[in-house]
Amino acid sequence: MRLRGRKGIRESLEEQTDLVILDPRSLKGRWSELFGNDHPIHVEFGMGKGQFISQMSFKYPDINFIGVDMYDELIRRAAEKARLVWEPAGHETPPNLRVALANINYAEEVFAPGELERIYLNFSDPWPKSKHARRRLTHPRFLDKYRGLLSPLGEIHLKTDSRSLFEFSLNAFADYGLQMKNISLDLHADGVINEEHVMTEYETKFYGRGVNIQRCEAIVGAEALERYQAARLDKYRL
């Protein structure tokens, strides 16, 4: 993937120290200190242009959000989006959001063990060729990383338009021994937007085309699993 950015983009990012993190490794184990509170930290790996993470931060002010991507241009666009989302509330800088330049392959160099409560994987590259399976963000080699980074309440939330990636992911979660919940093969069935879920740029586009969006949540943390097991039958009781 190549993105043609604006001239002087790196200089612009360097000036946005209130929102943009260009050296996230320096914050490993200290993200709560950066936010100035002990609220849960949710991270989106591969945030794209930042619509999802920006709107999530606005919708849930008591959660700290970090959007991660490896391209300068996407960091620029996400920072711009975040400021626009929070501007009506009188905030030039979102108080609970940072966007970080990082490669997901080295996520363990950016976050400390147990530092995260939730990981979002939204419309990740499906890498459809079998020989590229190890690059899929739900491959067990990535699940190993996520398990180390997530807290006892940790979960992975996946959304995709790719049936092949979704099937691969469900099998990978199952083979890894993760309990899954809230599985949907058509998140916005019958053309009705599921208002509970914040949409990404891709999701908005695909919804307009009538493309099925698949979604599921995988429970990673032991405490999260205990809570789920204690409550899982409640939805079936009349």
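This is a predicted model: local features need pLDDT of at least 70, side-chain atom pairs count only at pLDDT 80 or more; totals for chains, interfaces and linings use all residues.

Start by selecting Lys129, Asp161, Thr200, Glu201, Tyr202 and Glu203, the positions that an unreviewed UniProt entry gives as "binding site".

**Stop 1: Asp161**

Zoom in on Asp161, in the loop between β6 (150-160) and α6 (163-175). Now show its surroundings: leaving aside residues up to four places away in sequence, Asp161 touches Phe123, Phe206, Val211, Asn212, Ile213 and Gln214.

**Stop 2: helix α7 and its ends**

Next, select residues 201-209, which form helix α7. At the start of this helix, look for a side-chain oxygen of Thr200 that comes within 3.3 Å of the backbone nitrogen of Tyr202.

What does Glu201 touch, not counting residues up to four places away in sequence? The list is Lys49, Gly50, Gln51 and Lys81. For Gln51, display the backbone as well: its nitrogen lies 2.8 Å from a polar atom of the Glu201 side chain.

**Stop 3: salt bridges**

The structure holds 15 salt bridges. Select Asp72 and Arg10 to see one of them, at 3.0 Å from N to O. This pair links distant parts of the chain, since Asp72 sits in helix α4 (residues 72-86) and Arg10 in helix α1 (residues 9-15), 62 residues apart. Arg10 is partly exposed, at 33% relative accessible area.

Move along helix α4 to Arg76 and Glu80, four residues apart and so separated by about one helical turn. Their side chains meet in a salt bridge of 3.7 Å, N to O. Arg76 is buried, with a relative accessible area of 11%, while Glu80 is partly exposed at 41%.

For a pair in helix α8 (residues 222-231), select Arg227 and Glu223, also separated by about one helical turn. To finish, highlight Arg118, Glu155, Lys181, Arg215 and Glu217, which salt bridges with shared partners join into one network.

Conventions: Residues are numbered from 1 along each chain as its sequence is written. Side-chain values use heavy atoms; hydrogens and water are left out. A polar contact is a pair of N or O atoms within 3.5 Å; within protein, one must be able to donate a hydrogen and the other to accept it, and residues adjacent in sequence count only if both atoms are side-chain atoms. Helices (H or I, at least four residues) and strands (E, at least two) are DSSP runs, numbered from the N terminus. UniProt positions are given in the numbering used here, feature names are shortened, and annotations may be inferred rather than shown by experiment. Contact means heavy atoms within 4.5 Å. A salt bridge is a side-chain nitrogen of Lys or Arg within 4 Å of a carboxyl oxygen of Asp or Glu. Buried means under 20% relative accessible area, exposed over 50%, partly exposed in between (1.4 Å probe, protein chains only).
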